[in-house]
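Please look over the sequence and the model below before reading on.

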Amino acid sequence: YVLCADSGLDAALAAGIDIDGVIGDFDSAKQTSVALMKARGIPHIVYPAIKDDTDGMACVRFILDKKPNEVVFAGAGGGRVDHALANFLLLAYLEKNGVAARIEQEELTAWAVHGEKTVRGRAGDLLSVLQMTEELTLSLSGLFYPLDHYAVEFGHPIGVSNVMTQETAAIQVHKGWALVIHYKAQPE
């Protein structure tokens, strides 16, 4: 099921992806895309511009009613840091509601982790593990900088830009929530 949040409509149309639905206030989608959406009869929900949710959160609320097993965000940066951060938080929201979720971009994959996560990749890939909650205790293995039940000081980005030393890295969050971002190494 492909659901677009506002200007995600532009990207999906440009890529030739079949779209099942669109949600947003349509303040950022191109008017030509909106006209094409209407002409093709693509189901859509228009939200008011003044609302408490982002378009991404509106999509998450909608998709949760469909009881998915997994949600994959594509193009979740939106070109703005605040929207990218908000979408990272949506990963935790989905996970808290029992739905496996990740962000897939060309250069990265991201997850919100509360518990255990194994990341598969290649030696040399970068892996950042950042705190999403004030209290975070974690263990990391398969990385250049391993940790064992480490209590992260709030605001200290100790887990940024770690390097995978093998094909798998294990993250165990003993307390709190972590954002895990896997950057695939560029082939030589």
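**Helices and their surroundings**

The buried residues of helix 1 are packed against strand 1 (3-5), strand 2 (21-24) and helix 2 (31-40). Helix 1 itself covers residues 8-15, and its buried residues are Leu 9, Asp 10, Ala 12 and Leu 13. After helix 1 comes Gly 16, with a positive phi near 75 degrees.

The model is a predicted one. The protein has 4 helices and 13 strands as its secondary structure. Its C-alpha trace spans about 55 × 40 × 30 Å along the principal axes. Of the 188 residues in the protein, 39% are buried. Among contacts with a separation of 6 or more, 60% are between residues 24 or more positions apart.

Back to the pair formed by helix 1 and helix 2. Two packed helices are described by the angle between their axes and by the distance between those axes. For helix 1 and helix 2 the angle is about 70 degrees, and the axes lie 9 Å apart. Angles of 65 to 115 degrees count as roughly perpendicular, and helix 1 and helix 2 are therefore roughly perpendicular to each other. The crossing of helix 1 past helix 2 is left-handed. On the side of helix 1, Leu 9, Asp 10 and Leu 13 take part in the contact; on the side of helix 2, Ser 33, Val 34, Leu 36, Met 37 and Arg 40 do. By type, the residues of this contact are 5 nonpolar, 1 polar and 2 charged.

Next is helix 3. How many of the 10 residues of helix 3 are buried? The number is 8, so helix 3 is largely enclosed by the rest of the structure. The buried residues are Asp 55, Gly 56, Met 57, Ala 58, Cys 59, Val 60, Ile 63 and Leu 64. They pack against strand 1, strand 2, strand 4 and helix 4. Strand 1 and strand 2 also pack against the buried residues of helix 1.

Helix 4 runs over residues 81-96, which is 16 residues. From its first C-alpha to its last it reaches 23 Å, close to the 22 Å expected at 1.5 Å a residue. Buried in helix 4 are Ala 84, Asn 87, Phe 88, Leu 90, Leu 91, Ala 92 and Leu 94. What covers these buried residues includes helix 3 (55-64), along with strand 4 (70-74), strand 5 (100-104), strand 6 (108-113) and strand 13 (178-183). Just after helix 4, Gly 98 has a positive phi of about 80 degrees.

Methods. Residues are numbered from 1 along each chain as its sequence is written. This is a predicted model: local features need pLDDT of at least 70, side-chain atom pairs count only at pLDDT 80 or more; totals for chains, interfaces and linings use all residues. Side-chain values use heavy atoms; hydrogens and water are left out. Buried means under 20% relative accessible area, exposed over 50%, partly exposed in between (1.4 Å probe, protein chains only). Helices (H or I, at least four residues) and strands (E, at least two) are DSSP runs, numbered from the N terminus. Contact means heavy atoms within 4.5 Å. The expected span of a helix is 1.5 Å times one less than its number of residues. Axes are lines fitted to C-alpha atoms, for helices over the stretch in contact, and angles run from 0 to 180 degrees between N-to-C directions. Angles under 35 degrees count as roughly parallel, over 145 as roughly antiparallel, 65 to 115 as roughly perpendicular and the rest as oblique. A crossing is left-handed if the near helix is turned anticlockwise from the far one by less than a right angle, and right-handed if clockwise. Ala, Val, Leu, Ile, Met, Phe, Trp, Tyr, Cys and Pro count as nonpolar, Asp, Glu, Lys and Arg as charged, and the others, Gly among them, as polar.
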